[in-house]
Amino acid sequence: MAEIVIKNLRKEFGDFTAVQSSSFKIEDGEFFMLLGPSGCGKTTTLRMIAGLELPTSGEIYIDGEEVGQRPASKRDIAFVFQMFALYPHMNVRKNISYPLVSQGMSKREVAAKVDEVTRILGIGDILDRPVGGLSGGDRQRVALGRAIVRDPKAFMMDEPLGALDAEFREHMSEELRALHDRMGATTVYVTHDQLEAMQMGDKIVVMNHGVIEQFGTPQDIYDKPATMFVAEFIGSPSMNFLRFHGQVHAGSNSVMMHHEELDVPKLQEPFEGDLVYGIRPEHISLNDSGTFRGEVMAAEYLGTTQIVTLKTSSGELKARVPSDQPVRVGEHVGLQFDGETVTLFDNQSGRALRSELNEGVLSHG
Amino acid sequence: MSSYSITEPSSRQKWVAGSLVIAYAIITLLPLVWILTTGFKSPTDAIAYPPKVVFEPSLEGYVNLFTTRTRVTQEQLEALPPPATWYEEIVRDRDMVIAGPSRYGERFLNSVIIGFGSTFLSVFLGTLAAYAFSRFKVPLKDDLLFFILSTRMMPPIAVAIPIFLMFRTLGLSDTHLGMILLYTAVNISLAVWLLKGFIDEIPREYEEAALIDGYTRFQAFYKVVLPQAATGIASTAIFCLIFSWNEYAFAVLLTSGTAQTAPPFIPTIIGVGGQDWPAVAAGATLFLVPVMVFTILLRKHLLRGITFGAVRK
């Protein structure tokens, strides 16, 4: 098992820069998520850690050893591909034992190892089947079996659940997480699905356009987004952005937006210009005593909660309120914002202003 | 898999389609049947008019193909001891004795060496080149591929004279090596292009999985890519073999003795002791066998091979 440290990692493909300059640290035994929209550089980062791409510059340390320019076969890392990439001309048993054969392990040891792995994954009954006819889930298990069979230093997974249908994905993600917890192996997992990342990850790196936007625990990333991109990418519905022009001082507890005074966590830096007031839907409540008012445009029933779309003087926003609260389309309601949870952003750069809420998070992001 | 429905053809449609296929088969097979039967006819039957469909089979053509014979007088013939073998008997019936073996065996062997040699070399080099073009960043890749293709934009025989002069200077005229190199040069563009198409279709993840599993690039190529490309390699090999096996023009020009292949040799049989059509037909029949066997052995791959990649998954 291993700790992985990435320093100033950069990858260019001709004129295109896939990864700008990434630095982060993956602790031993962590389930680590690389999250971002397609083309953000997350898969390239993963492939560089595995050795399938060589970085243009920067360093990769696995257990303190610099391996940046070393070929994949010399890194002792397992990789689970999105399309599984099981060797099509071999049966399940051969697929799983293939990594052991390359190490020159004796036949008896190989058989024992394969037995152990198939027991863990519960695939004993398909061992002698060709991989062509297997179901998606079984292929996934065989791919995992091939990965865990040789006790690698770390696992790389490139959207391993992407090829499965929705129902099975849920089940497989639980199985994966359970497998990780049992083995305690460092795992780096690439996904574009924010829910999957929040559900499974110990830590998340959010990437966009080859740049790391934020790095932290799922909770920190959700509650204390470092940029507007992260705030919008994580959470469904995403964070509401109310745009206004104004001025804030360090130490102040509120902002003036279109003549309304709204609470914010205690600010730690001054700013003047175009600002964005970012609030999550669940931190808005409908309350007639509120002075900030909006008109109900639509209500979406979701069981225990409902999503209410409102039109306000500062733009449209969505609130998540209990579904037993009566809401009628067309009525005007007062809104109350939970000021402690708000993040203010600089509209131009998208960066979050430092406040009491996020100070600990932003410094190492 | 796209969704479309196929309606089962009616029995009349099946009947029409079946008859067309049978008619086509008869048209293409007739010349082959003609060659095959002529090989077993006597010289008189072979040139009989109207052609004899029913005839008394004889192995004279095959005996003549493999031997050289001398005509002898009746007295000389009677002075000889009785024929020891069945083929000597056939020859003596024509007032001749066997003077020695013919060159057909050697020429046939030359064809095998040169045909299979150049096929192996084309496919071997072609696979390596196609893999490199398919997987690596090769500088000027598109230009190189176009250049390779451009070698086939005129008939190879158009450069016969320069090649003839080159071979003479290099001492490659009438050598096995020379012919193997020449046919490889002609076939390599076909091999590279065909195989590149096949290798492009093999997902890179297979090799990457092997690299991750601790294999070197070459091992990944050898153990994972090659088995996947077997279909493509088989069909490419068949195309290459058919070309070099049947090639006539270069063989006439560049070989005369040691390295002469069967195609330029077979017509020369005509001149030996009159127009010996059964011997020519026998030579042609035997000449067909290796390619036929090779193709039948690989036909499973060939069928998949020529339609491979035609349908996107």
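Student: How many helices and strands does chain A have in its secondary structure?

Tutor: Start with the tally of elements. In this predicted model, chain A comes to 9 helices and 20 strands. Its C-alpha atoms fill a box of roughly 75 × 45 × 35 Å along the principal axes.

Student: Let's take a sheet. What is the strand order in the open sheet of 4 strands in chain A?

Tutor: Walk across the sheet from neighbour to neighbour. Here the order is β2-β1-β4-β5 of chain A, with antiparallel pairing. The edges are β2 (16-26) and β5 (65-66) of chain A, each of which pairs on one side only. Between β1 (residues 4-13) and β2 of chain A there are 7 bridges in the antiparallel sense. To find your place in β2(A), look for A:F24, which stands opposite A:I6.

Student: Which strands does helix α1 of chain A touch as it packs on the sheet?

Tutor: Helix α1 (residues 42-50) of chain A touches β1, β2 and β4 (57-62) of chain A. For its orientation, compare directions: that of α1(A) makes about 115° with that of β1(A).

Student: Now the domains. Where are the two domains of chain A?

Tutor: The assignment gives domain 1 as 4-223 and domain 2 as 228-363. Their centres, over C-alpha atoms, are 37 Å apart. In the contact between them, domain 1 of chain A gives 10 residues and domain 2 of chain A gives 7. On the domain 1 side, β9 (203-208), β10 (211-216) and α7 (218-223) of chain A each supply at least two residues, and α7(A) has the largest share, with 4 residues. By class, that side has 3 nonpolar, 4 polar and 3 charged residues.

Student: And between chains, how many residues of chain A are in contact with chain B?

Tutor: Read an interface from both sides. Here 17 residues of chain A meet 14 residues of chain B. On the chain A side, the elements giving two or more residues are β6 (77-80) and α2 (92-102) of chain A. That side has 13 nonpolar, 4 polar and no charged residues.

Student: Which domains does chain B have?

Tutor: Chain B is assigned domain 1 (12-103) and domain 2 (105-264 + 289-307). The centres of these two domains of chain B are 36 Å apart, taken over C-alpha atoms.

Terms used: Residues are numbered from 1 along each chain as its sequence is written. Chains are lettered from A and ligands numbered from 1 in the order in which they are written. This is a predicted model: local features need pLDDT of at least 70, side-chain atom pairs count only at pLDDT 80 or more; totals for chains, interfaces and linings use all residues. Two residues are in contact if their C-beta atoms, placed from the backbone, lie within 7 Å. Ala, Val, Leu, Ile, Met, Phe, Trp, Tyr, Cys and Pro count as nonpolar, Asp, Glu, Lys and Arg as charged, and the others, Gly among them, as polar. Domain bounds come from an automatic or database domain assignment. Two strands pair if DSSP finds at least two bridges between them. Axes are lines fitted to C-alpha atoms, for helices over the stretch in contact, and angles run from 0 to 180 degrees between N-to-C directions.
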